[in-house]
Amino acid sequence: MSRVLTGISLIVVFGASVLVAAEHKELKNYPEAKEGMERHVIILPHKERGEEGAFKVELLPGKTMLTDGVNQARLGCSLERQTLKGWGYTYFDLTGSMMAASTLIGVPPGTEKVERFVGGQPLLTNYNSRLPIVIYAPAGCEIRYRIWTAPQAWESSEKK
């Protein structure tokens with residue numbers, strides 16, 4: 001899905017966070033997930049080296065759960081950058097709690113539960129189409145992402 005916002009184009013990608021990983025040649029250098037963990041892989045569309053600087057990738061860990069539909073919920077997890085030893089490639093580990101914290105607004109009696117994606121702390125990272133984005137997360141966790149792009153023109157500040 002694509003939306004154009006004033007000054008910023010935003011491509012929002014929902015759905016499967018694990019793409020066909022076998023098609024990226026560098027993925028073989030990343031270890032398989034440990035027991036109880038899953039390896040999520042995002043393969044970005046190819047961009048030329050000069051244009052990748054105008055893009056960023058926002059990663060959002062979380063899970064779909066039943067909520068009361070009134071309160072705002074958030075998970076206590078975040079993504080931590082790691083370096084793949086011997087290669088220097090970046091990957092991400094999901095750390096923190098997968099337990100949800102919520103605001104405490106009173107819920108009207110009889111309000112039905114609503115299934116929603118509840119996210120943790122988002123992380124913004126550089127766009128690099130030459131390497132996959134690899135995230136290790138507990139089983140049952142989802143990783144969603146969106147691609148941000150900046151306009152080509154820079155604005156100038158005013159001196160006052």
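Read along the sequence, the chain follows the pattern β-β-β-β-β-β-β-β-β-β, and its secondary structure comes to zero helices and ten strands; helices (H or I, at least four residues) and strands (E, at least two) are DSSP runs, numbered from the N terminus. This is a predicted model, in which local features need pLDDT of at least 70 and side-chain atom pairs count only at pLDDT 80 or more, while totals for chains, interfaces and linings use all residues. Residues are numbered from 1 along each chain as its sequence is written, and side-chain values use heavy atoms, with hydrogens and water left out.

**Confidence**
- The mean pLDDT of the chain (the predictor's confidence in each residue, from 0 to 100) is 86, and 86% of the residues reach 70 or more.
- Confidence is lowest in strand β1 (residues 2–5), with a mean of 35, and highest in strand β9 (residues 133–138), with 98.
- Over residues 1–22 pLDDT stays under 50, and for this stretch the model has 41 contacts beyond four places in sequence, where contact means heavy atoms within 4.5 Å.

**The chain as a whole**
- Of the 160 residues, 34% count as buried, a word that stands for under 20% relative accessible area, with exposed meaning over 50% and partly exposed in between (1.4 Å probe, protein chains only).
- Among contacts between residues at least 6 apart in sequence, 78% join residues at least 24 apart.

**Strand β10 and its partner**
- Strand β10 (residues 142–149) has a covered face, made of Ile143, Tyr145, Ile147 and Thr149, and an uncovered face, made of Glu142, Arg144, Arg146 and Trp148.
- Strand β4 (residues 55–67) and β10 run antiparallel and are joined by eight bridges, where two strands pair if DSSP finds at least two bridges between them.
- Within this pairing, Val57 has Ile147 of β10 as its bridge partner.
- Arg144, from the uncovered face of β10, lies over the face of Phe117, at 4.0 Å from the ring centre; a charge sits over a ring if NZ of Lys or CZ of Arg is within 6 Å of the ring centre and within 35 degrees of the ring normal.

**Glu32 in its loop**
- Glu32 has its place in the loop between β2 (8–13) and β3 (37–42), and Glu32 counts as exposed because its relative accessible area is 61%.
- Leaving aside neighbours within four places in sequence, Glu32 is in contact with Arg39 and Tyr136.
- Although Glu32 and Tyr136 are 104 residues apart along the chain, their C-alpha atoms are separated by 9.1 Å.
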